[in-house]
Each structure stands twice: as structure tokens, then as C-alpha cells.
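Visitor: I have a model to go through and would like to take it one question at a time. Please show the sequence and structure before we start.

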Amino acid sequence: MRFDEGQLHAALQHEAALRRLARGLLRDPAAADDALQHTMVQAAIDRGPANGGLWPFLVTTMRNHANNVRKLARRRAHHEAAAARPDAAAPVDDLLAREQ
């Protein structure tokens, strides 16, 4: 893995547009910041385009990362719903009512 300062500097020129794209894709400011950071790191460690332009590489990296974030969120919600037991814990109000 090689750090390319020039590539990072070039990627930073697109920061505002990438931030808008990330917020539009993820609708969560924290997740959008993480996606932006991931995209910049990918550009900085010289995983950038070999022959293509930098902007298409950045957009593709951002979209792929956003897709992965959304996919993981769906999986997590599915697993949590499947693992949840309705009788796992009684609501606090029910416990208090039993004590009285």
C-alpha cells in the first residue's frame, strides 16, 4: 500500500461535491462523513484509477461504499428482528404493576 499525496490533494478538490453525494445516498450525516473518509482514503492509498479519470473513480467508490453500508444495515435489522424474542423482557410498567 502506497500513500499518494498528489492523488489525495486532487481528490480533496472534489470534497464538497462528494459530501453532497454521500448525504444524498445515505441520508445520515455521520454515515456520509464515514463514506467520504473511506473514499478519500481509497484515493490516498493509490487505489485510484489507472487509466480513467479521478472523478468517476471517486463517485464509484462512494456509491459502492454507500451500497455496502445500506446492505449491512438491512442485514443487521433482519438479524436483530429474527433474534428478538417477544417474551424476552417484560416492560417496566408491567413489572411495577405486579409489585403493587
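Visitor: In which helix is the place of Leu26?

Guide: This is a predicted model, in which local features need pLDDT of at least 70, side-chain atom pairs count only at pLDDT 80 or more, and totals for chains, interfaces and linings use all residues. Residues are numbered from 1 along each chain as its sequence is written, and side-chain values use heavy atoms, with hydrogens and water left out. Helices are DSSP runs of H or I with at least four residues, numbered from the N terminus. On that count, Leu26 has its place in helix 2.

Visitor: Is Leu26 buried or exposed?

Guide: Buried means under 20% relative accessible area, exposed over 50%, and partly exposed in between, with a 1.4 Å probe and protein chains only. Leu26 has a relative accessibility of 13%, so Leu26 counts as buried.

Visitor: Which residues is Leu26 in contact with, leaving aside neighbours within four places in sequence?

Guide: Contact means heavy atoms within 4.5 Å. With neighbours within four places in sequence left aside, the partners of Leu26 are Ala31, Ala32, Ala35, Ala66, Val69 and Arg70.

Visitor: Where does Arg27 lie, and is Arg27 buried or exposed?

Guide: Arg27 lies in the loop between helix 2 and helix 3. Its phi is near 60 degrees, a positive value in a residue other than glycine. Most residues other than glycine have a negative phi. The relative accessible area of Arg27 is 70%, so Arg27 is exposed.

Visitor: How are helix 2 and helix 3 oriented to each other?

Guide: Axes are lines fitted to C-alpha atoms, for helices over the stretch in contact, and angles run from 0 to 180 degrees between N-to-C directions. The axes of helix 2 and helix 3 come within 8 Å and cross at roughly 130 degrees. Angles under 35 degrees count as roughly parallel, over 145 as roughly antiparallel, 65 to 115 as roughly perpendicular and the rest as oblique. Helix 2 and helix 3 are therefore oblique.

Visitor: What residue classes make up the contact of helix 2 with helix 3?

Guide: Helix 2 contributes Glu15, Leu18, Arg19, Ala22, Arg23 and Leu26, while helix 3 contributes Ala31, Ala32, Asp33, Ala35, Leu36, Thr39 and Met40. Ala, Val, Leu, Ile, Met, Phe, Trp, Tyr, Cys and Pro count as nonpolar, Asp, Glu, Lys and Arg as charged, and the others, Gly among them, as polar. The residues divide into eight nonpolar, one polar and four charged.

Visitor: At what angle do helix 1 and helix 3 pack?

Guide: Two packed helices are described by the angle between their axes and the distance between the axes. For helix 1 (residues 5-12) and helix 3 (residues 29-44), the axes are 7 Å apart and the angle is about 145 degrees.

Visitor: Which residues have the most contacts inside the largest nonpolar core?

Guide: A nonpolar core is a set of buried Ala, Val, Leu, Ile, Met, Phe, Trp, Tyr and Cys residues joined through side-chain atoms within 4.5 Å. The largest one has 17 residues, and those with the most contacts inside it are Ala11, Leu18, Leu58 and Met62.

Visitor: Is Thr61 buried or exposed?

Guide: Thr61 is found in helix 4 (residues 54-83) and is in contact with His38, Thr39 and Gln42, leaving aside neighbours within four places in sequence. With 11% relative accessibility, Thr61 counts as buried.

Visitor: Is Arg98 buried or exposed?

Guide: Arg98 is found in helix 5 (residues 92-99). At 62% relative accessibility, Arg98 counts as exposed.

Notes
Helices (H or I, at least four residues) and strands (E, at least two) are DSSP runs, numbered from the N terminus.
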